[in-house]
Amino acid sequence: MKQAQGAFIVGMIFAIGLGLSGMTQPQKVIGFLDLAHWDPSLLFVMVGAIGVHAILYPIIRKRPTPLLDTKWHIPTRTEITPRLMIGAAIFGIGWGLGGFCPGPAVTAMASGQARPILFVLALLVGMVIFSKVDRLIAK
Amino acid sequence: MNMDFLNALLGGVLIGVAVTLMLWLNGRVTGISGIIAELLSTSGRRDAWRSAFLFGLLCGGFLLRLLNPGFFENTTDRGIGTILLAGLLVGFGTSMGSGCTSGHGVCGVSRLSMRSIVATMTFMAFGVASVWLFRTLIGGG
């Protein structure tokens, strides 16, 4: 198996998980973020996902390398920066507005509905705007 | 509500399995915003695994649609303008903050990354504020 084939299978499993969990339904996300009329579903999604991954992560990392690559590609930064927090805040606001985050939005494009497709288009524009702003600030 | 909770948990477990598989096979974190952002640059496009992953998401989506279009039911009242603004903010914010719910929320938190724990708490808090503000100013669902 090659890395791309593996990644494709990962994508399919991820999408099915998203669908089953209800995260491709924006009202369930907004319901989780609406403390007044709280839908706790997303909490259980996180518990399920983190529960599995947190236990298996250290076990897998004991290997010298991943199965299909020569080295690990795990982020190494540790500093909590204003950039991290402001970015997360902006993301959070957008997430609460639309009820979409990147994964569910891409998956929901398969529905053919306008909103996920437009969301993803706007997301791409937002990413490009940021990279340009970032480059300008660096100067 | 009972079925909801079980489906949510099972769905979450599948997501956990998916990101664990990505780690085991390719040694990578499944940060979907990062995967998309990298594809916008030529260096990111060199590796096939990123587009393969996103294609997998789409194919999984089509499978879900075949099984039950209800998986994508959207009963929110957020219109096109709101959705476009939301997309812009999510694209901008995830790039600036180096991650989203999959990268920070699932992968980062699972490996006890302080950056990810802080980022996750931050976007959750602002998500709550965003919904509250919308409801207060505009109302509805």
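With which side chain does the side chain of A:Asp69 make a polar contact? In this predicted model, the partner is the side chain of A:Gln3, at 3.2 Å. A:Asp69 lies in the loop between H3 and H4 of chain A, and the side chain of this residue also reaches the backbone nitrogen of A:Lys71, at 3.4 Å. When residues up to four places away in sequence are set aside, A:Asp69 touches A:Gln3 in its own chain together with B:Leu25, B:Asn26 and B:Arg28 of the partner chain.

The setting of these contacts is the interface between the two chains, in which 101 residues of chain A are in contact with 100 residues of chain B. Chain A and chain B bury about 9400 Å² between them, and 77% of this area is on carbon and sulfur atoms. Within chain A, the residues that lose the most area to chain B are A:Phe14, A:Leu97 and A:Arg115, which together account for 8% of what that side buries.

With regard to polar interactions across the interface, 24 residue pairs, both members at pLDDT 80 or more, are in polar contact between chain A and chain B. On the side of chain A that touches chain B, at least two residues each are supplied by helix H1 (3-21), helix H2 (26-33), helix H3 (41-61), helix H4 (82-98), helix H5 (102-108) and helix H6 (114-138). H1(A) provides the largest share of that side, amounting to 18 residues. By residue class, the side of chain A that touches chain B comprises 65 nonpolar, 26 polar and 10 charged residues.

Salt bridges were then considered. Side chains of opposite charge can pair when their charged atoms come close. Over all chains the structure holds seven salt bridges, and the count between chain A and chain B is two. In one pairing within chain A, A:Lys28 forms a salt bridge with A:Asp39, with the closest N and O atoms 3.2 Å apart. This pair links distant parts of the chain, since A:Lys28 belongs to helix H2 of chain A whereas A:Asp39 lies in the loop between H2 and H3, 11 residues apart.

Within chain B, B:Asp47 forms a salt bridge with B:Arg50, the closest N and O atoms being 3.2 Å apart. Here B:Asp47 is partly exposed, with a relative accessible area of 31%, whereas B:Arg50 counts as buried at 8% relative accessibility.

Definitions and conventions
Residues are numbered from 1 along each chain as its sequence is written. Chains are lettered from A and ligands numbered from 1 in the order in which they are written. This is a predicted model: local features need pLDDT of at least 70, side-chain atom pairs count only at pLDDT 80 or more; totals for chains, interfaces and linings use all residues. Side-chain values use heavy atoms; hydrogens and water are left out. Contact means heavy atoms within 4.5 Å. Buried area is the accessible area (1.4 Å probe) that two parts lose on being put together, summed over both. A salt bridge is a side-chain nitrogen of Lys or Arg within 4 Å of a carboxyl oxygen of Asp or Glu. A polar contact is a pair of N or O atoms within 3.5 Å; within protein, one must be able to donate a hydrogen and the other to accept it, and residues adjacent in sequence count only if both atoms are side-chain atoms. Helices (H or I, at least four residues) and strands (E, at least two) are DSSP runs, numbered from the N terminus. Ala, Val, Leu, Ile, Met, Phe, Trp, Tyr, Cys and Pro count as nonpolar, Asp, Glu, Lys and Arg as charged, and the others, Gly among them, as polar. Buried means under 20% relative accessible area, exposed over 50%, partly exposed in between (1.4 Å probe, protein chains only).
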